[in-house]
Structures are given as structure tokens and as C-alpha cells.
Amino acid sequence: SFGNASGAVPAFPVLRLIGKSAYVTRPKLLDYTTTRAELVERADEIFGWLQDGKLQVSVDTTFPLDQAAEGHLYLEAGKSKGKVLYEI
């Protein structure tokens with residue numbers, strides 16, 4: 001999968017899709033929620049799943065906030081295999 005932490009998505013020749021009924025899209029959060037109330041409702045549901053143990057999050061490593069620069073270098077180097085957290 002691609003995300004902002006993974007770096008830039010490589011170029012893709014979209015004309016390869018011309019013979020198919022396909023398209024390319026880059027959805028973002030605001031494509032899925034239309035109001036603040038909906039965003040809060042969905043966030044509450046996800047946090048509930050976390051609290052109930054229904055959703056597992058893979059944490060790769062944690063950096064103290066004063067080592068944020070090292071954390072960013074870790075991400076930029078593509079070393080993360082899960083979430084990278086900054087401890088406050």
C-alpha cells in the first residue's frame with residue numbers, strides 16, 4: 001500500500017487502462033465524511049473497537065518527542081513496519 005510515509009507514488013502510465021473500464025483515484029478522509037458530526041461518530045466507533053480489542057494496531061517503534069528528527073529519518077528510510085509513535 002502507499003501512504004504519505006511511504007514516499008511519493010511512482011509514475012503510472014494511465015493510458016494502460018484505456019482498454020478497460022478502470023480509473024485511478026486518490027481518496028482522502030474528506031471524501032468519506034461530509035460533516036464534523038459524522039467524523040466524530042466514525043472516530044468514536046474506531047476508538048471503541050480499539051478499546052474493546054476488536055481492532056489491533058501494529059506499533060513498530062516509539063520515539064521520545066525530543067528525538068522527533070530521528071523518528072522522521074526512520075520513516076524516510078522506509079524502516080517502519082507499523083505505526084511510529086512519538087511519546088509526549
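## Basis

Residues are numbered from 1 along each chain as its sequence is written. In this predicted model, local features need pLDDT of at least 70 and side-chain atom pairs pLDDT 80 or more, while totals for chains, interfaces and linings use all residues, and side-chain values use heavy atoms, without hydrogens and water.

Helix 1 covers 36-52 (helices are DSSP runs of H or I, at least four residues; strands are runs of E, at least two; both are numbered from the N terminus). Its 17 residues should span 24 Å, and the end C-alpha atoms are 24 Å apart, which agrees. The expected span is 1.5 Å times one less than the number of residues. Gly 53 follows helix 1, with a positive phi near 80 degrees.

Thr 33 sits in the segment before helix 1. Thr 33 counts as buried because its relative accessibility is 6% (buried is under 20%, exposed over 50%, partly exposed in between; 1.4 Å probe, protein chains only). Beyond its neighbours within four places in sequence, Thr 33 contacts Glu 38, Leu 39 and Arg 42 (heavy atoms within 4.5 Å).

## The salt bridge

The count is one salt bridge (a Lys or Arg side-chain nitrogen within 4 Å of an Asp or Glu carboxyl oxygen). Arg 42 pairs with Glu 38, with the closest N and O atoms 2.9 Å apart. Both lie in helix 1, four residues apart, about one turn. Arg 42 is partly exposed, at 37% relative accessibility.

## Aromatic cluster

The whole structure holds two aromatic pairs (Phe, Tyr or Trp rings, the six-membered one for Trp, with centres within 6.5 Å; planes under 30 degrees apart are stacked, over 60 edge-to-face, the rest tilted). Phe 63 and Tyr 74 form an edge-to-face pair, 5.7 Å centre to centre with 65 degrees between the planes. Phe 63 is in strand 1 and Tyr 74 in helix 2, eleven residues apart.

Phe 63 is buried at 11% relative accessibility. Ring pairs join Phe 63, Tyr 74 and Tyr 86 into a cluster.
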